Amino acid sequence: MVVKFVRDEGAEVAAEDASTLNELPTPPRQLLDRHGARVLDPATAVVAAGQPVPRTTVYRPGTFLLPNRYLRDPEALAAINRVLARIGIYATPADGGGDDQGYGRVRELADVPVRALLRVREDSDPVVVDCWKALQLLRAAASGEKPEIDPEIVKEMSVEHLLFTSPVFGGVPWETSGLGGTPWETSGFGAGSSYGRTHGANRIPVTLAAEPPYRSRKPAHRRPVIAVLDTGIGPHPWFGLADRSGPPSPGSGLAVAPDIQAAILQAEVDSGSTLPTQLLADYWDAPTTGQPLIGDIDTDTGHGLFIAGIIRQACPEADTLAIRVVHSDGVAYEGDVLLALHLLADRVRNAQADNRPEDLVDIVSISMGYYVEDPADVAFTGQFGSVIAELLGLGVLVVAAAGNDATTRRFYPAAFADQPLGPGCGPQVISVGALNPDVTTSKALFSNEGPWVRCWATGAGVVSTYPTDVRGTAAADHQVPELGRNSFDPDDYSAGFAVWDGTSFAAPLAAAEIGNALLHHAGDLATVDRETVVKRAWSALGSL
């Protein structure tokens with residue numbers, strides 16, 4: 001496998017080339033309904049005076065995101081609701097503001113974006129609840145010589161986007177199930193694409209006649225820790241997980257964060273009182289299907305364990321910290337992802353301040369993203385930008401997949417790679433596009449690209465670990481039971497491995513390469529004060 005870093009750190013932010021901005025696929029209606037989401041349509045979206053016409057994105061209309069310090073401030077919330085009363089709605093904290101339902105440590109973090117639920121006022125006529133319309137009204141109220149509401153509050157409000165893993169709607173961009181809308185289905189590749197393998201998703205089960213990559217039992221150094229925000233974990237012998245009865249054991253190379261998972265679940269439970277919400281019960285990647293009456297394996301089942309296996313192969317001395325923020329259909333709620341990132345930053349900050357090397361996280365690998373409605377205005381991606389800037393300032397390296405839509409349209413958070421997020425911190429976001437597994441290391445046909453993509457790594461034809469207990473209803477299409485013979489079963493993963501494509505898998509490969517650089521070129525990993533960690537991050541990246 002190959003990793004190539006682009007040495008162009010001083011390049012200016014380039015404008016997007018309209019000729020390569022493909023139309024993006026539209027999520028299936030059942031997926032939108034499952035997660036209480038809506039597509040923002042530029043042709044019908046309301047726009048406040050002075051605001052640009054938005055571009056297509058996917059968001060949850062019943063909620064918006066606002067930093068904790070504002071949503072817990074009665075005066076700020078009252079000012080917001082005075083404006084929203086004009087359209088018959090009001091905002092309230094998702095947890096109702098009660099101390100008995102708090103998130104513990106989350107309440108102490110002023111900058112954590114939390115959900116404000118939108119509700120219909122009792123004295124109002126029936127209305128359509130839409131946070132996009134509400135935000136346009138608030139932005140209008142915050143403008144002019146005498147704003148009705150503090151512009152700083154409104155500046156930090158945003159819709160709650162849906163994020164998607166790099167294998168997009170219906171599985172992958174070259175998917176041929178008929179959901180439609182991808183560049184591949186309109187450009188003639190479709191079923192004839194060399195990436196297409198099976199129905200519904202392009203992964204297929206395979207066997208691997210190889211031992212797990214060697215990993216020392218008692219290392220003389222602290223292992224680098226790569227946090228993977230994804231679909232969670234499943235059973236696999238490489239990580240000593242025979243079943244789902246307990247968490248990974250210490251030393252297995254795979255760890256989980258029950259405290260962060262509990263905070264994510266509580267946030268979902270609170271918002272689920274009025275908003276269609278699928279709950280992430282814990283760190284296990286389950287259920288494996290979102291349509292039990294059909295039994296097809298979800299498009300992204302096994303995605304997180306597949307990534308953990310890539311890290312195990314490419315940097316076996318590293319530990320993977322798996323945090324589940326992605327549902328098995330490939331959807332993540334922006335509020336959940338931001339909460340996980342803030343709690344990771346809090347963990348790293350405390351580890352540095354209290355000299356607890358065991359709690360440090362060196363790298364964060366993100367294989368998901370979204371297309372912002374206004375890429376020219378970074379203020380409206382500020383919630384993501386601010387928490388990533390916080391991680392970078394602590395010396396944590398952030399690696400993000402560039403996306404699979406064969407477009408130059410900026411895919412966040414990867415597109416922060418060419419937007420400096422803060423002075424005097426560690427290296428900026430490392431965005432990763434996908435290469436084919438050929439000797440010429442050509443760019444994969446599906447990969448996004450542009451001047452904001454700063455690394456290329458193998459992301460097609462990748463073989464890695466897959467949960468051994470996953471079975472789907474798809475069966476071999478030809479069977480001779482009396483002779484014990486049948487054709488290939490595309491839904492039986494009991495062998496524990498799969499082959500898959502996507503920038504989702506290029507990103508952790510780049511993260512693993514950085515992990516190796518930390519081990520071999522960045523000095524003693526046991527020293528964890530902030531200044532040393534930042535210098536170490538620069539040293540590791542400079543060696544690649």
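The following legends describe close-up views of side-chain contacts in a predicted model.

**Figure 1. The aromatic pair of Y370 and F384.** This pair belongs to a structure that holds 11 aromatic pairs. The ring centres of Y370 and F384 are 5.9 Å apart and the planes meet at 35°; because this angle falls between the limits of 30 degrees for stacked and 60 for edge-to-face, the pair is tilted. Y370 is located in the loop between β13 (368-369) and α10 (382-393), whereas F384 belongs to helix α10, so the pair ties together parts 14 residues apart in sequence. Y370 and F384 are both buried.

**Figure 2. The edge-to-face pair of Y412 and F416.** The two rings lie 4.9 Å centre to centre, with 65° between the planes. Y412 has 0% relative accessibility and therefore counts as buried. F416 likewise counts as buried, because its relative accessibility is 0%.

**Figure 3. An aromatic cluster of F306, Y466, Y493, W500 and F505.** These residues, with W500 among them, form one cluster.

**Figure 4. The charged end of R60 over the ring of Y333.** The charged end of R60 is placed 3.9 Å from the centre of the Y333 ring.

**Figure 5. The polar contact between T299 and D300.** T299 occurs in the loop between α7 (258-271) and α8 (303-314). Its side chain makes a polar contact of 2.8 Å with the side chain of D300. The relative accessibility of T299 is 17%, which is under 20%, so T299 counts as buried.

Conventions
Residues numbered from 1 in each chain as written. Predicted model: local features only at pLDDT ≥ 70, side-chain atom pairs only at ≥ 80, totals over all residues. Heavy atoms only, no water. Phe/Tyr/Trp six-rings, centres within 6.5 Å; stacked < 30°, edge-to-face > 60°. Helix = DSSP H or I, 4+ residues; strand = E, 2+ residues; numbered from the N terminus. Buried < 20%, exposed > 50% of the residue type's maximum accessible area, 1.4 Å probe, protein only. Lys NZ or Arg CZ within 6 Å of the ring centre and 35° of its normal. Polar contact = N/O pair within 3.5 Å; in protein donor to acceptor, adjacent residues only side chain to side chain.
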